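Hi,

Here is the structure I promised to pass on.

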Amino acid sequence: MASRRSSSLCSIWVIVLLLGFTGSSSAHLSKHFYSKSCPKVFDAVKSVVQSAVNNEKRMGASLLRLHFHDCFVNGCDGSLLLDDTSSFTGEKTAGPNNNSLRGFEVVDKIKSQLEKICHGVVSCADILAIAARDSVKILGGPSWKVKLGRRDSKTANFTAADSGALPAPTANLSQLKTTFRAVGLNKRDLVALSGAHTIGKARCSSFKDRIYNETNIDASFAKARQSKCPITVGSGDNNLAPLDVQTPGTFDIAYFKNLINQKGLLHSDQVLYNNGGSTASLVKKYSGSANTFNSHFAKAMIKMGNNKPLTGSNGEIRLNCRRSN
Ligand code: HEM
Ligand SMILES: *[C@@H]1O[C@H](CO)[C@@H](O)[C@H](O)[C@H]1NC(C)=O
Ligand SMILES: *[C@@H]1O[C@H](CO)[C@@H](O)[C@H](O)[C@H]1NC(C)=O
Ligand SMILES: *[C@@H]1O[C@H](CO)[C@@H](O)[C@H](O)[C@H]1NC(C)=O
Ligand SMILES: *[C@@H]1O[C@H](CO)[C@@H](O)[C@H](O)[C@H]1NC(C)=O
């Protein structure tokens, strides 16, 4: 009896050690990181996000996307938020971000509120993680306990943001899997997180090729999109269309139903449902169960948020999210 107990204790320690080493990048994040140093952090972030979304629903989508684009490039370190300076070019003008990312003013507003109630305590990288969670919840999606304790980078890397760390809307399935695998996310995470495209908008330039050249697209859907996205090269590039044709302001499972009906807006959306493809069964599953989607989405968001945070004495807590202290 005693020896059986000690051997199972022993295997528990082996598991703990393995987790400690394999999942080490997130080992320092915690749900209670600010419970003493800034107990009102959640209220403060939520109230700014709520009023921004009340003012414009799309802002919830834009804030969610900021956290994604931060985490995929050198980890969740707020590097995305740095403005260009004379000594480096930040990530804001990299291909996937330029003329596309939005919500920076909302982040500034959250940061200035937080500086008033707890000066120099809450990182910009953590603000993005909380704002993403709040946005999803406010628009009708799941909630989750955000892990905190990320610190902010002192610099940014244009090249990394510009050269493949972020997936392109023209990507095929194997390219999507590769970009996600590079940050520790698997096929299930890829499909669940792509469900973020149940909210928000895309520019004509991101889907022009699909609506004119592809065959796995619903004909009337393609036609409707073409009416505001002219075929001429360079024309109408910034015209917007909802990523989810049915309920663009609600975080729901309509995105997955759209894929089954060949109404995915981006090439990278529709490839998730190529018949017989390895991700099609997940698309089917989520299209029939909001509970399953919500639960997988929440888990995948936490996993994404764990990517290579700066912790301990690395990085800094920026006072202004746009520049290093
Ligand atoms: C699977 C690979 C992905 C690709 C190729 C991709 C690509 C894109 C593109 C091209 C746009 C439109 C940008 C524009 O035209 O200006 C967009 C918008 C958006 N993406 Fe993704 N994305 C991916 C995954 C994700 C993930 C993982 C999230 C979040 C968890 C996300 C959240 C969003 C949101 C919310 C919008 C709308 C933003 C707004 O309206 O401001 N995407 N994405
Ligand atoms: C970003 O977009 C602006 C405005 O369209 C353009 O002038 C600039 O060249 C772009 N930057 C990069 C790095 O592509
Ligand atoms: C920036 O990212 C590129 C591409 O990932 C990498 O080769 C380069 O070493 C990075 N530069 C710095 C200063 O980290
Ligand atoms: C995906 O795209 C890459 C780059 O264009 C290409 O090399 C690869 O063969 C494609 N894979 C599939 C399965 O189509
Ligand atoms: C359609 O595909 C052709 C051939 O690849 C390409 O030259 C053309 O630019 C594409 N059309 C659009 C609207 O993207």
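Below is what I found, starting with how to read the numbers.

This is a predicted model, so to speak of local features a pLDDT of at least 70 is needed, side-chain atom pairs count only at pLDDT 80 or more, and totals for chains, interfaces and linings use all residues. Residues are numbered from 1 along each chain as its sequence is written, chains are lettered from A and ligands numbered from 1 in the order in which they are written, and side-chain values use heavy atoms, with hydrogens and water left out.

**The annotated domain**

An unreviewed UniProt entry puts "domain: Plant heme peroxidase family profile" on residues 28-325. (UniProt positions are in the numbering used here, feature names are shortened, and annotations may be inferred rather than shown by experiment.) That stretch is 45% helix and 2% strand, with its end C-alpha atoms 23 Å apart. Helices (H or I, at least four residues) and strands (E, at least two) are DSSP runs numbered from the N terminus.

**The iron and the annotated binding site**

The iron atom of ligand 1 gets a single donor from the protein: NE2 of His-197, 2.1 Å away. Donors here are N, O and S atoms within 2.8 Å of the metal (3.2 Å for Na, K and Ca); water is not among the atoms, so sites may look incomplete. His-197 sits in the loop between helix H8 (187-194) and strand S1 (201-203).

The unreviewed UniProt entry also lists a "binding site" at Thr-198, Asp-244, Thr-247 and Asp-252. These are spread over 55 residues of sequence but cluster in space, with a largest C-alpha distance of 9.7 Å. Asp-244 lies in the loop between strand S2 (240-242) and helix H11 (254-260). It counts as buried because its relative accessibility is 0% (buried means under 20% relative accessible area, exposed over 50%, partly exposed in between; 1.4 Å probe, protein chains only).

**Two more ligands**

Around ligand 2 you will find Thr-93, Asn-98 and Asn-99, where a residue counts if one of its heavy atoms lies within 4 Å. Oxygen atoms of ligand 2 are 2.4 Å from a polar side-chain atom of Asn-98 and 2.9 Å from one of Asn-99. On its own ligand 2 exposes 360 Å², and the protein buries 33% of that (Shrake-Rupley method, 1.4 Å probe; for residues, only the protein chains shown count as cover).

Ligand 5 has Lys-208, Asp-209, Tyr-212, Asn-213 and Ile-231 around it.

Cheers

Notes. A polar contact is a pair of N or O atoms within 3.5 Å; within protein, one must be able to donate a hydrogen and the other to accept it, and residues adjacent in sequence count only if both atoms are side-chain atoms.
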